[in-house]
Amino acid sequence: MQLQLQTWQEIEAYLQTSRGIILPIGSTEQHGPNGLIGTDAICAEVIARGVGEAVGALVAPTISVGMAQHHLGFAGSMTLRPSTLIAVLEDMVGSLVRHGFERFYFLNGHGGNIATLAAAFSEIYASRSLSAASNTPPIKCRLKNWWQNQEVHDLAKELYGDSEGSHATPSEVAVTQFAYPGSIKSAVLDPPVAPRGDFADAADYRRKFPDGRIGSNPALATPEAGRRLYEAAVAAIAKDYQSWVAA
Ligand code: NI
């Protein structure tokens, strides 16, 4: 159930049955020569919608621009600085709290968002802890990376082994190919498996990873593998959401 496709009366009725909402969050950043710039937002969005359908949960509009400063050396990448993203997350959660939502399940598609999401949760909790009000509802936030569960991990290992890497992975590219079969790209990848390592700012990243990939070979991606990864992620995350929202 997408929030954007409901009426306000339907949301009032939903709140009689559940106080939980799934918030997909991704990024708009380069994903190597054959990966879409929207990869992280697309993965988070389609998996969140699948989970929402599986468990009857409401899904918020996707937060499509994340914290991706290190990708700005590549055309088309966009970032919110951490402080901006924290402010966006606080205001989104604050809006929904006003209506009675209490459980905020952030389904994340981008590793670069993790530290900022954790800081945003601390800001949200700190505002409540410092407030004098004692009868406010108990607010809880959860961060779930779509690729971090046993099912997806095992499947990615089986499909791609050491060619999975950590950025522009064949798994995430495959999920976008499944979601948007009309936008599948091909490119020569040289070397086939990209170098690994750490990075600091955008210039440092571009110097170390000239085509944008880290440790991956996304030429191995297929839409059929994307369907399997999507189904594994939806099943695992639906279970996680249901047990968390009920607690
Ligand atoms: Ni990604």
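Author: Let us begin with a definition: buried means under 20% relative accessible area, exposed means over 50%, and partly exposed lies in between, with a 1.4 Å probe and protein chains only. This is a predicted model, in which local features need pLDDT of at least 70 and side-chain atom pairs count only at pLDDT 80 or more, while totals for chains, interfaces and linings use all residues. Residues are numbered from 1 along each chain as its sequence is written, and side-chain values use heavy atoms, leaving out hydrogens and water.

Reader: Is R228 buried, exposed or partly exposed?

Author: The relative accessibility of R228 is 32%, and the class in between runs from the buried limit of 20% to the exposed limit of 50%. R228 therefore counts as partly exposed.

Reader: With which residue does R228 form a salt bridge?

Author: A salt bridge is a side-chain nitrogen of Lys or Arg within 4 Å of a carboxyl oxygen of Asp or Glu. For R228 the closest N and O atoms of the pair are 3.3 Å apart, and the partner is E158.

Reader: How many residues apart in sequence are the parts that E158 and R228 tie together?

Author: Helices are DSSP runs of H or I with at least four residues, numbered from the N terminus. E158 lies in helix α5 (residues 150-160) and R228 in helix α8, so the pair ties together parts whose separation in sequence is 70 residues.

Reader: Is D204, the salt-bridge partner of K208, buried or exposed?

Author: The closest N and O atoms of K208 and D204 are 3.1 Å apart. Because its relative accessibility is 11%, D204 counts as buried.

Key:
Helices (H or I, at least four residues) and strands (E, at least two) are DSSP runs, numbered from the N terminus.
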